[in-house]
Amino acid sequence: MADAEPSGTHRANPSVGPAAAQRKDLASALAGFPRVHLGHLPTPLEPMDRLSEHLGGPRFWVKRDDCTGLSSGGNKTRKLEFLMAEAVEQGADTIVTQGATQSNHARQTAAAAARLEMACHLLLEDRTGSNDPQYTLNGNVLLDRLHGATVAKRSGGADMAAEMEALADKLRAEGRKPYIIPGGGSNTTGALGYVNCALELDEQTATMGLKIDALVHATGSSGTQAGLVAGLAALGSDIHLLGIGVRAPREKQESMVFDLATRTATCIGREGAVRREDVRANCDYVGAGYGIPTPGMVAAVRLLAELEGLLFDPVYSGKGLDGLIDLTRKGAFDGMENVVFLHTGGSVALFGYPEAFDLPGYQPN
């Protein structure tokens, strides 16, 4: 049954018509940027029919960017395809980046650097104040070190951009050639990865004959949402894009996304394509702060694990799912037929938060 053609879809020819011309133009624009292929793309687009039945309303789908392949996958791999290509082009031999303690971006960057024979220095900011060894040493942090990265901690609230510059200066003095990647890979180069994702999703749905009404995802450092906004605008898409914030208040989040989306659209030759009303963020599900578990996140992660056999992460996608589920129950997607949730990966971070999940059913011998 799971392998059958999803009901309500039909095969179409995505290579004809006005939309095909827009896809071709956008693909041509992206081809003008250096890129190294790190991910397993295209990622699957799958129905979540048990969740759909559970919630009622539209049919829910999941865009499986947890399946990008690099070090257990995740959304940052798409960004790193363009960022690492730029690093190679500039002759870098060392990558410097930053993130929170359980940063999915840091883990995927360390893996990308390993594959491309570069050193990697990670600066991890303590944004939660947790001293639990499971949080500070397990999950993503364990994999950072397994990939051979150098890991150093910084206190919460530190000027992480300045910290990276200082480290890069030190490395240059030692004869290294560092390339700095901002947190989350969120600049115009990194956002190209999600311009490409918008194109990929458009091609997939055209082939399936599937009309997507809304696309929902977790939004933090802004690069994923900005790339999607720019890509969908370039395609002339009417998909309702909604980011569920995991850190900043709504006004700040939307401002960051709009600024980066505008610059990204200009970068691909679509200056003026992005409108302010294209940028939507709901930041009601952050809870006490970035990386701090909420009851809604825990319930959402457990629900999807039990209904769909899918694992989501406690920092980003789990809070995004909480928003999706709650908004569905409040009628936000009433009248829509198909809603996609973008799975940004990161389930390895679950191992840093074992205390957040009070799981029944374990019976020791």
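The following questions and answers concern a predicted model of one protein chain.

Me: How many helices and strands does the protein chain have?
Reply: The chain contains both kinds of element. Its radius of gyration is 20 Å, close to the 21 Å that the globule rule gives for 365 residues, so the chain is as compact as a globular protein of that length. The count is twelve helices and ten strands.

Me: Are helices H3 and H4 oblique or roughly parallel to each other?
Reply: Two packed helices are described by the angle between their axes and the distance between the axes. Helix H3 covers residues 76-89 and helix H4 covers residues 104-115; their axes are 10 Å apart, at an angle of about 45°. Angles under 35 degrees count as roughly parallel. H3 and H4 are therefore oblique.

Me: Which residues of H4 does H3 meet?
Reply: H3 passes H4 in a right-handed crossing. By class, their contact has four nonpolar, five polar and one charged residues. From H3, the residues involved are Lys-76, Thr-77, Leu-80 and Met-84. In H4 they meet Asn-104, His-105, Gln-108, Thr-109, Ala-112 and Ala-113.

Me: Is His-105 buried or exposed?
Reply: His-105 lies in helix H4. Not counting residues up to four places away in sequence, His-105 touches Lys-76, Thr-97, Gln-98, Ile-181, Pro-182, Gly-183, Gly-184 and Gly-185. A residue under 20% relative accessible area is classed as buried. At 3% relative accessibility, His-105 therefore counts as buried.

Me: What percentage of the residues of the protein chain count as buried?
Reply: The C-alpha trace spans about 60 × 60 × 40 Å along its principal axes. Of the 365 residues in the chain, the buried share is 55%.

Technical notes:
Residues numbered from 1 in each chain as written. Predicted model: local features only at pLDDT ≥ 70, side-chain atom pairs only at ≥ 80, totals over all residues. Heavy atoms only, no water. Axes fitted to C-alpha atoms, helices over the stretch in contact; angles between N-to-C directions. Helix = DSSP H or I, 4+ residues; strand = E, 2+ residues; numbered from the N terminus. Parallel < 35°, antiparallel > 145°, perpendicular 65-115°, else oblique. Left-handed = near helix turned anticlockwise from the far one by under 90°. Contact = heavy atoms within 4.5 Å. Nonpolar A, V, L, I, M, F, W, Y, C, P; charged D, E, K, R; others polar. Buried < 20%, exposed > 50% of the residue type's maximum accessible area, 1.4 Å probe, protein only. Rg over C-alpha atoms; globule rule 2.2 N^0.38 Å.
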